[in-house]
Amino acid sequence: MRLALAFTLTVVAAYLVAVGVAYVWMRDELIRRQDQRIEELFTLLASNADQGDDAEFVEAVRAQIAAARDGHAVYQLLGPGSRVLATDIPPVSLPAGWSDQPAEALGRGGDIPFRVLVRTVGANRLAVGRDYSDLDALRETIQTAMLWSSLFALLVALGGGSLIALRIRGRLAAVSQALDRVAEGDLGARLPLTDADDDIDRVSQQVNAALVRLAALVDGMRQVSADIAHDLRTPLGRLRNHIAEALEATGQGADTRPVLEQALAESDAIGNTFSALLRIAQIEAGARKARFAPVNLTATLRSVAEVYADVAEDAQMRLALRDPGVPVWVNGDAELLVQALANLVENAIRHCPQGASIRCELALDGPRAVLRITDNGPGIPPGERENVLRRLYRLERSRTTPGSGLGLSLVKAVTDLHGGRLWLADAAPGLEVGIVLDLSMPIGLTKL
Ligand SMILES: Nc1ncnc2c1ncn2[C@@H]1O[C@H](COP(=O)(O)OP(=O)(O)OP(=O)(O)O)[C@@H](O)[C@H]1O
Ligand SMILES: [Mg+2]
């Protein structure tokens with residue numbers, strides 16, 4: 001509303017200045033024409049004196065006075081010794097040349113002044129004048145026009161401004177209401193949208209999109225906490241049982257060592273799970289991004305394959321490696337990338353039966369590096385491929401194998417941290433896990 005008022009006043013002020021300038025210009029023009037008219041009249045009357053006949057001259061001035069009875073003109077013809085020969089004003093002495101005379105000084109009523117020209121013609125002195133009534137009329141017209149049009153503009157602007165202000169206030173009230181609900185914890189609340197598709201709508205859309213994301217994040221966190229609480233109940237229960245067993249054994253004077261060792265192993269496993277959970281949370285927080293440096297993926301994959309070659313052999317599996325044979329540089333955290341690849345190879349070794357083949361592959365796809373760990377084991381059903389990325393999630397059939405269901409969550413967190421894409425696919429038979437990362441340097445340029 002204040003804005004509308006300020007705008008209106010500015011417009012009206014600009015308008016008044018413009019009209020004022022126009023008025024001054026017109027006034028000057030009118031004065032010029034008025035002077036011209038007086039000059040012409042003067043010349044016409046004076047031309048009667050050219051013949052050297054004063055009587056004719058006086059007659060002409062008198063005729064002029066008789067013709068002009070409207071009171072807008074004044075005439076004065078003085079002979080030698082200031083003898084009045086013809087006039088329609090009281091005997092006053094007027095200065096020579098152009099002058100402005102108040103009506104009063106010329107014995108006229110009203111307050112419109114006169115413009116007067118006084119010059120000598122032969123032995124006489126002629127004064128011709130006209131009042132400024134035209135100018136006065138102009139000023140009055142312009143004043144009235146200015147007043148009414150300013151008033152009209154003010155009313156229109158105020159009316160329009162109020163309407164807009166009311167409309168915006170209404171919409172902001174609705175937005176504020178929705179935000180209050182969000183502040184109270186209702187993440188399902190959304191800002192109202194209109195068909196106007198204006199700035200408020202666009203900002204509302206952005207806020208809504210942020211709310212959708214926020215709700216999904218909070219939901220995810222709730223889910224994770226519930227999952228963690230649920231999944232840790234089992235190992236904690238086992239730990240409790242071991243301790244109870246140990247207590248019982250002590251009461252009976254039996255050897256508590258084996259059961260205490262079991263308890264220790266169980267608590268170590270719980271500790272490891274917590275460490276892994278913390279590590280994933282830390283990776284997701286993104287702080288490690290500050291430590292990013294060029295990483296040679298070729299060397300990284302080779303070292304992982306080398307480390308796991310023996311483990312695979314022990315499990316009677318074949319582990320094959322295929323890479324482009326040149327350094328492939330990405331910007332990242334070498335330690336995390338090794339950990340992610342190790343998790344994938346470990347998964348293949350752990351979740352595939354004896355005799356399986358595992359392939360570690362690095363390929364190039366334009367400006368991107370593609371890592372693939374493929375096996376020919378049981379694979380993961382399509383419906384479970386999203387789920388296994390969740391923390392602590394394991395397939396039913398893997399319940400008996402060691403592990404805590406955090407390996408793939410870490411791979412996902414590491415990929416996200418590197419701005420990459422992770423996918424799980426059917427290798428028919430078996431599982432293919434792929435990671436795509438952007439190259440930091442064109443191929444062929446070795447790092448100095
Ligand atoms: N290569 C694979 N073949 C078949 N199933 C797999 C494979 N990799 C993972 N899975 C399934 O996905 C589940 C989740 O894998 P993830 O690596 O997250 O956990 P884990 O291997 O069970 O335990 P952890 O990695 O924490 O020791 C596994 O329990 C398993 O059921
Ligand atoms: Mg695993």
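Author: Let's start with the crossing: H7 passes H8 in a left-handed way, left-handed meaning that the near helix is turned anticlockwise from the far one by less than a right angle, and right-handed that it is turned clockwise. The two helices pack at an angle of about 145°, with their axes 9 Å apart. On the H7 side the contact is made by Leu336, Leu337, Gln339, Ala340, Asn343, Leu344, Glu346 and Asn347, and H8 brings Gly407, Leu410, Val411, Val414 and Leu417. By type, the residues of this contact of H7 with H8 divide into eight nonpolar, four polar and one charged.

Some ground rules before going on. This is a predicted model, where local features need pLDDT of at least 70 and side-chain atom pairs count only at pLDDT 80 or more, while totals for chains, interfaces and linings use all residues. Residues are numbered from 1 along each chain as its sequence is written, and chains are lettered from A and ligands numbered from 1 in the order in which they are written.

As for the terms, helices (H or I, at least four residues) and strands (E, at least two) are DSSP runs, numbered from the N terminus. Axes are lines fitted to C-alpha atoms, for helices over the stretch in contact, and angles run from 0 to 180 degrees between N-to-C directions. Contact means that the C-beta atoms of two residues, placed from the backbone, lie within 7 Å. Ala, Val, Leu, Ile, Met, Phe, Trp, Tyr, Cys and Pro count as nonpolar, Asp, Glu, Lys and Arg as charged, and the others, Gly among them, as polar.

Now for the ligand. Of the 23 residues around ligand 1, Asn347, Arg394, Leu395, Gly403 and Gly407 come nearest (a residue is near a molecule or strand if its C-beta atom, placed from the backbone, lies within 6 Å of it). Our two helices turn up again here: H7 (334–351) and H8 (407–417) are the elements that give two or more residues to this shell. H7 supplies the largest share, five residues. Sorted by type, the shell has nine nonpolar, 11 polar and three charged residues.

H7 has another helix partner, H6. These two pack at an angle of about 35°, with their axes 10 Å apart, and their crossing is right-handed. H6 contributes Thr300, Leu301, Ser303, Val304, Tyr308, Val311 and Ala312 to the contact, while H7 contributes Ala334, Leu337, Val338, Leu341, Ala342, Val345 and Ile349.

Five strands form an open sheet in the order E7-E9-E10-E12-E11, with mixed pairing; strands pair if DSSP finds at least two bridges between them. E7 (318–322) and E11 (421–426) are the edge strands, each pairing on one side only. On average, neighbouring strands of this sheet are turned by 15° against each other, direction ignored. Inside the sheet, E9 (residues 357–365) and E10 (residues 368–375) pair in the antiparallel sense over eight bridges, and Leu364 has Ala369 in E10 as its bridge partner. H6 (residues 297–314) packs on this sheet, touching E7, E9 and E10, and its direction makes about 170° with that of E7. H7 lies across E9, E10 and E12 (431–438), running at about 20° to E10.

One backbone detail is worth a look while you're here. Ala428 and Pro429 are joined by a cis peptide bond, with omega about -5°, and Pro429 is found in the loop between E11 and E12.

To place the pieces along the protein chain: it is divided into domain 1 (2–137), domain 2 (224–285) and domain 3 (287–438), with bounds that come from an automatic or database domain assignment. Taken over C-alpha atoms, the centres of domain 1 and domain 2 are separated by 115 Å.
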